[in-house]
Amino acid sequence: MKLLTTLLFFSFILNQYAQQYRPIPTDLNGIEKATHSLNGTWQFNPTPVSKFWQSHSTKDWKTIEVPGEWVMQGYDVEPHTRAAYSKEFSVPNDWNNSEIILRCDAIYSDAIVYVNQQKVGAHEGGFNAFEFNVTQFLKFREKNTISIGVMSESFSDTIVSATQYAAHQLGGITRKIYLFAVPKVHITDLEVTTTFDEEYKNAKLGIKYEFQNNSKSDLNNTKIVFTLISPDGKLRELGETNVNTTEEDIEFNIVEPQKWNAEQPNLYTL
């Protein structure tokens, strides 16, 4: 009974922190590049004042490289306190008609994110990516400021005992952080599965997706078209579906697909 209660509790925690993970477009009409990196040199303060994100000056702060742990760059942060990161950036002008997503590939391990002095959101979990839609918080043709409060010690840190095994704080923006642009109508989540038959000859391609409409358009006549490009470059139209709901789960039969192995790493493009 204790084990069941524990599993249910962790399941609840994981569900609470589940995040959307949008596919990043490779080609957008009128946009030169869909991603904008925020990696590099940030301002850092291991002992910030309260409401540090409201301050207009970081002249007394030090510099730190992102991604990276603060300990590895010579900084000491008191346990169970929140260090502060800050960086100025500009948004590409050709993104003005897009939805803009901030994605952090990992921050260890409890983070609160502010953009232009407004709270965007919070995340706990030191090894998984998370993202926020920051469109409403951004300004074009002028500087923006992102501020992040990071605490190394958290409930998730206790669960995985990472600090214990590493024998030092793992705090920091430890993986890439960047912005990317998506259309007003875009896929917000995508899951692809492949299941072979008993003869390991033919397969079913399962596609589950969610999409979001942040435009003022009626999507009654909108379709999603699925195509599959084989390893030898041949294109196959799988089919299409009407956009009737915000979530769809469909399946296609694939006859004798080329399989992947270490010697012949065949890959399809969906």
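Contact means heavy atoms within 4.5 Å of each other. Keep that in mind for the whole tour.

**Before you start**

This is a predicted model: local features need pLDDT of at least 70, side-chain atom pairs count only at pLDDT 80 or more, and totals for chains, interfaces and linings use all residues. Residues are numbered from 1 along each chain as its sequence is written, and side-chain values use heavy atoms, with hydrogens and water left out.

**Stop 1: the whole protein**

Show everything. Take contacts between residues at least 6 apart in sequence: 71% of them join residues at least 24 apart. The C-alpha atoms fill a box of roughly 65 × 55 × 40 Å along the principal axes.

Switch to cartoon. You will find three helices and 15 strands. Helices (H or I, at least four residues) and strands (E, at least two) are DSSP runs, numbered from the N terminus.

Now the surface. The protein exposes about 16200 Å², and carbon and sulfur atoms supply 50% of it. Accessible areas come from the Shrake-Rupley method with a 1.4 Å probe; for residues, only the protein chains shown count as cover. Buried residues make up 38% of the 270 residues. Buried means under 20% relative accessible area, exposed over 50%, and partly exposed in between (1.4 Å probe, protein chains only).

**Stop 2: the largest pocket**

Which residues lie nearest the centre of the largest pocket? Select Pro23, Pro25, Ile187, Leu190 and Leu270. They belong to a lining of 26 residues. The volume of this pocket is about 900 Å³.

A pocket is found on a 1 Å grid over the protein atoms alone: it is an open set of points where a 1.4 Å probe fits, with protein on both sides within 12 Å along at least five of seven lines, and lining residues have an atom within 4 Å of a point. Grid points are joined across faces, edges and corners, and the volume is the space filled by probe spheres set on the points.

S13 gives the most, with five.

**Stop 3**

Select Ile100 in strand S5. Is Ile100 buried or exposed? Ile100 is buried, because its relative accessible area is 1%. Leave aside neighbours within four places in sequence. Ile100 is then in contact with Val91, Trp95, Phe132, Asn133, Val134, Thr135, Leu138, Phe140, Leu179 and Phe180. Next, pick Pro183. Ile100 and Pro183 are 83 residues apart in sequence, yet 8.8 Å apart in space, C-alpha to C-alpha.

Go to Asn45 in strand S2 (residues 40–45). Asn45 is buried too, with a relative accessible area of 15%. Leaving aside neighbours within four places in sequence, its contacts are Trp61, Ala83 and Ala84.

**Stop 4**

Select Val66 and Pro67. A cis peptide bond joins them, with omega about 5°. Pro67 sits in the loop between strand S3 (62–66) and strand S4 (83–89).

Move to Tyr108 and Ser109. The peptide bond here is also cis, with omega near -10°. Ser109 is in the loop between strand S5 (99–104) and strand S6 (110–115).

Now check phi. Ser161 is not a glycine, although its phi is positive, about 55°. Find Ser161 in the loop between helix H2 (155–160) and helix H3 (162–166). Ala167 also has a positive phi, near 65°. Ala167 lies in the loop between H3 and strand S10 (177–182). Ala167 counts as exposed because its relative accessibility is 67%.

**Stop 3: two loops to finish**

Where is Lys201? Look in the loop between S11 and S12. Lys201 is partly exposed, at 42% relative accessible area. Beyond neighbours within four places in sequence, Lys201 is in contact with Phe196, Glu256, Pro257 and Lys259. Pick Cys104 as well: the two C-alpha atoms are separated by 40 Å.

End at Asn244, in the loop between strand S14 (235–242) and strand S15 (247–254). Asn244 is exposed, because its relative accessible area is 64%. Its C-alpha atom is 9.1 Å from that of Lys223, 21 residues away along the chain.
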